[in-house]
Amino acid sequence: VMSEAYVTLRTSNGNLVFIEYNPSTPSSAYLTEMRKGTSTAEMARLNTASASHWEVDHQRVKLFDTGGKEPVLCVEDSAWNITITPGSYRLVTGILKRRVDVSIFPLPAAATNPVAPHGIIGQSLHD
């Protein structure tokens with residue numbers, strides 16, 4: 001069971017973007033962009049009420065309301081779409097716990113992209 005989601009992106013200009021999402025606060029996500037060659041970091045908070053998207057160098061992060069259901073976090077570049085949705089499960093003791101569900105969808109450009117999602121979840125795409 002995954003209790004939080006962390007995504008790292010490298011933009012085409014070499015900047016790193018770190019995204020943090022916690023299902024306990026499903027209407028917000030946190031971004032930190034580290035600029036290449038500097039120690040400068042730009043931080044942003046996405047939320048469904050106001051600042052719900054971020055985009056740079058063909059990388060898009062969007063947190064959107066699904067109309068009554070829990071918000072969905074979508075991380076996309078030209079080749080991949082990663083969708084993170086909050087969920088819950090109940091322990092045998094009756095305690096309700098939060099989790100995240102992650103889906104990775106290849107877009108048409110994924111077939112020619114030399115970079116693919118990797119790590120524990122991304123490894124499942126290689127088979």
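Q: What pattern does the protein follow along the sequence?
A: Reading along the sequence, you get β-β-β-β-β-β-β-β-β-α. Keep in mind that this is a predicted model.

Q: And how many helices and strands is that?
A: One helix and nine strands.

Q: Which strands form the open sheet, and in what order?
A: Four of them, in the order β1-β2-β3-β4, with antiparallel pairing. β1 and β4 (41-47) are the edge strands, each pairing on one side only. On average, neighbouring strands here are turned by 15 degrees against each other, ignoring direction.

Q: How many bridges join β1 to β2?
A: Six, and the two strands run antiparallel. To pick out one partner, Leu-9 has Val-17 in β2 as its bridge partner.

Q: Switching to the inside: which residues of the largest nonpolar core touch the most other members?
A: That core has 21 residues, and the ones touching the most other members are Ile-19, Tyr-21, Val-61, Leu-73, Val-75 and Ile-84. Elements giving two or more residues to the core include β2 (16-21), β6 (59-64), β7 (72-76) and β8 (80-90).

Q: What does Val-61 touch?
A: Leaving out residues up to four places away in sequence, Val-61 touches Leu-9, Ile-19, Leu-31, Leu-46, Ser-52, His-53, Trp-54, Leu-73, Cys-74 and Val-75.

Q: What share of the residues counts as buried?
A: 32% of the 127 residues.

Q: And what about the accessible surface?
A: The protein's accessible surface is about 7,900 Å², with 55% belonging to carbon and sulfur atoms.

Conventions:
Residues numbered from 1 in each chain as written. Predicted model: local features only at pLDDT ≥ 70, side-chain atom pairs only at ≥ 80, totals over all residues. Heavy atoms only, no water. Core = buried A, V, L, I, M, F, W, Y, C linked by side-chain atoms within 4.5 Å. Buried < 20%, exposed > 50% of the residue type's maximum accessible area, 1.4 Å probe, protein only. Helix = DSSP H or I, 4+ residues; strand = E, 2+ residues; numbered from the N terminus. Contact = heavy atoms within 4.5 Å. Areas by Shrake-Rupley, 256 points an atom, 1.4 Å probe, with all protein chains shown as cover. Pairing = 2+ DSSP bridges. Axes fitted to C-alpha atoms, helices over the stretch in contact; angles between N-to-C directions.
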